[in-house]
Amino acid sequence: MGYLTRSWPALALALTLTSGLAHSQPGPRKRTALLVGPRAYVSKNLPPVPYAGADVHDLAQALASQGFRVTLLNEGQGRLDPSADPTLKNIRAALQSLAAGKGKRDLILFAFIGNGVKHRVAGREVNFLCPKDALARDPRTMISLEEVVRALDASEAGHKLALLDAAQE
C-alpha cells in the first residue's frame, strides 16, 4: 500500500471537518466527488500507474464514509459499466455532471491519479491529464488542466477542490 493510499482517509476526514467551519457557517449541503484513476494506457508511450485504481477506490470509500456522493472512473468500475472507464469521453461527461446543478453551499471535488504530460500548444506550455485512451503525443486525446479549472469554475458550488497526482515523464 502506497503513501497516498494510507493518506486518503485522513484527507477525507480533514476535508469533512473543516468544510465550512472556518467561518462558523454550516458545512456544505451536498458533497460530490469525481475520482479518476487510469492504471493502464492504450499508448505504449505512457507507462502504467499500478496504484492509481486502488488509490482512487480507497479515496472513494473514505469520502463515501463522510457523506460524499462519489463517481469513480477506473478500470475496475469500467469492466462493470463502460461509462465508468477512465476514457476522455467519460471523464468529460462526468466532469460536466460534477459541476452541474450545485448551489452555494455545495462542495465538489475532482481527483485524478495517473499520468500527466506537458505539450506546447499555440506557442505555450499546457499541462494535460492522460485518460486511459490518451495518445502520448496528441494533446487532443487528453484533458487539459485549464479544461478542468473551467468546468469547476462554471459550477455554482461554493466549495471547489481538485486533487492531482499526475506523474510526468
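Author: A salt bridge is a side-chain nitrogen of Lys or Arg within 4 Å of a carboxyl oxygen of Asp or Glu. Side chains of opposite charge can pair when their charged atoms come close. The model here is predicted: local features need pLDDT of at least 70, side-chain atom pairs count only at pLDDT 80 or more, and totals for chains, interfaces and linings use all residues. Residues are numbered from 1 along each chain as its sequence is written, and side-chain values use heavy atoms, with hydrogens and water left out.

Reader: How many salt bridges does the structure hold?

Author: The structure holds 7. In one of them, Arg-29 pairs with Asp-106 at 3.8 Å, N to O. The two residues lie 77 apart in the chain: Arg-29 is in the loop between helix H1 (3-18) and strand E1 (31-37), Asp-106 in the loop between helix H4 (88-99) and strand E3 (107-121). Helices (H or I, at least four residues) and strands (E, at least two) are DSSP runs, numbered from the N terminus.

Reader: Is Asp-106 buried or exposed?

Author: Buried means under 20% relative accessible area, exposed over 50%, and partly exposed in between (1.4 Å probe, protein chains only). Asp-106 has 0% relative accessibility, so it counts as buried. Arg-29, at 54%, counts as exposed.

Reader: Which side chain meets Asp-106 in a salt bridge at 3.9 Å?

Author: That of Lys-30. Lys-30 is partly exposed, at 38% relative accessibility.

Reader: Where are Glu-146 and Arg-124, another pair?

Author: Their side chains meet at 2.7 Å, N to O. Glu-146 is in helix H5 (residues 145-154) and Arg-124 in strand E4 (residues 124-129), 22 residues apart. Glu-146 is partly exposed at 32%, and Arg-124 is partly exposed at 42%.
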